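Reader: I want to learn to read a model like this one. Please take me through it feature by feature.

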Amino acid sequence: MYGEIRIPVATMISFCLVLVRVGGAFVFVPVPGFKNLPRIARVVLIAGMTIALLPVWPSVSPEQLDVGTIVLWLL
């Protein structure tokens with residue numbers, strides 16, 4: 001009947017890391033015509049590019065994570 005979607009913590013952390021990196025690239029790298037797009041279109045484009053990069057996401061082990069490691073990765 002009703003199914004549950006289970007997403008591992010490692011996958012969510014990998015998604016967030018790639019999302020921040022792709023979002024930063026689109027914000028700071030001048031792409032012609034990107035500034036004229038509506039905000040929702042930019043969000044959809046960044047999320048789509050992040051999902052398209054799924055095969056090359058880094059593998060993250062949740063047992064080895066702490067706040068300092070995540071902050072270093074984001075920097």
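Reader: Which residues does W57 touch, not counting residues up to four places away in sequence?

Author: First, a caution: this is a predicted model. To read a contact, look for heavy atoms within 4.5 Å. By that test, W57 touches T11, S14, F15, V18, T50 and I51.

Reader: T50 is on that list. Where does T50 lie, and is it buried or exposed?

Author: T50 lies in helix 2. Buried means under 20% relative accessible area. T50 has 0% relative accessibility, so it counts as buried.

Reader: What is T50 in contact with, leaving aside its neighbours within four places in sequence?

Author: T50 is in contact with F15, V18, L19, V22 and W57. So the pair W57 and T50 shows up from the T50 side and from the W57 side, because the test is heavy atoms within 4.5 Å.

Reader: Now the core. Which residues make up the largest nonpolar core?

Author: To read a core, look for buried nonpolar residues joined through side-chain atoms. Here the largest one has six residues: V18, V22, F26, F34, I46 and W57. Helix 1, residues 9-28, supplies the largest share, with three residues.

Reader: Let me step back to the whole chain. How many helices and strands are there?

Author: Count the elements, then read their order. The protein chain has three helices and zero strands. From the N terminus on, the order is α-α-α.

Reader: Why is the chain called more spread out than a compact globule?

Author: Compare the radius of gyration with the globule rule. The protein chain has a radius of gyration of 15 Å. The rule gives 11 Å for 75 residues, and 15 Å is well over that, so the chain is more spread out than a compact globule. The C-alpha atoms fill a box of roughly 40 × 40 × 20 Å along the principal axes.

Reader: What share of the residues counts as buried?

Author: Of the 75 residues, 19% count as buried. The accessible surface comes to about 6,200 Å². Carbon and sulfur atoms account for 70% of that surface.

Reader: What part of the contacts joins residues 24 or more positions apart?

Author: Take the contacts with a separation of 6 or more. Residues 24 or more positions apart account for 68% of them.

Reader: Let us look at helix 2. Is L45 buried, partly exposed or exposed?

Author: L45 is in helix 2. Its relative accessible area is 33%, so L45 is partly exposed. Leaving aside its neighbours within four places in sequence, L45 is in contact with F26 and F34. Both F26 and F34 belong to the largest nonpolar core.

Reader: Last feature. How many salt bridges does the count come to?

Author: Look for a side-chain nitrogen of Lys or Arg within 4 Å of a carboxyl oxygen of Asp or Glu. The count comes to one salt bridge. The side chains of E4 and R6 meet there, at 3.4 Å, N to O.

Reader: Are E4 and R6 buried or exposed?

Author: E4 is exposed, with a relative accessible area of 64%. R6 is exposed as well, at 69%.

Technical notes: Residues are numbered from 1 along each chain as its sequence is written. This is a predicted model: local features need pLDDT of at least 70, side-chain atom pairs count only at pLDDT 80 or more; totals for chains, interfaces and linings use all residues. Side-chain values use heavy atoms; hydrogens and water are left out. A nonpolar core is a set of buried Ala, Val, Leu, Ile, Met, Phe, Trp, Tyr and Cys residues joined through side-chain atoms within 4.5 Å. Buried means under 20% relative accessible area, exposed over 50%, partly exposed in between (1.4 Å probe, protein chains only). Helices (H or I, at least four residues) and strands (E, at least two) are DSSP runs, numbered from the N terminus. The radius of gyration is taken over C-alpha atoms; the globule rule is 2.2 Å times the number of residues to the power 0.38. Accessible areas come from the Shrake-Rupley method with a 1.4 Å probe; for residues, only the protein chains shown count as cover.
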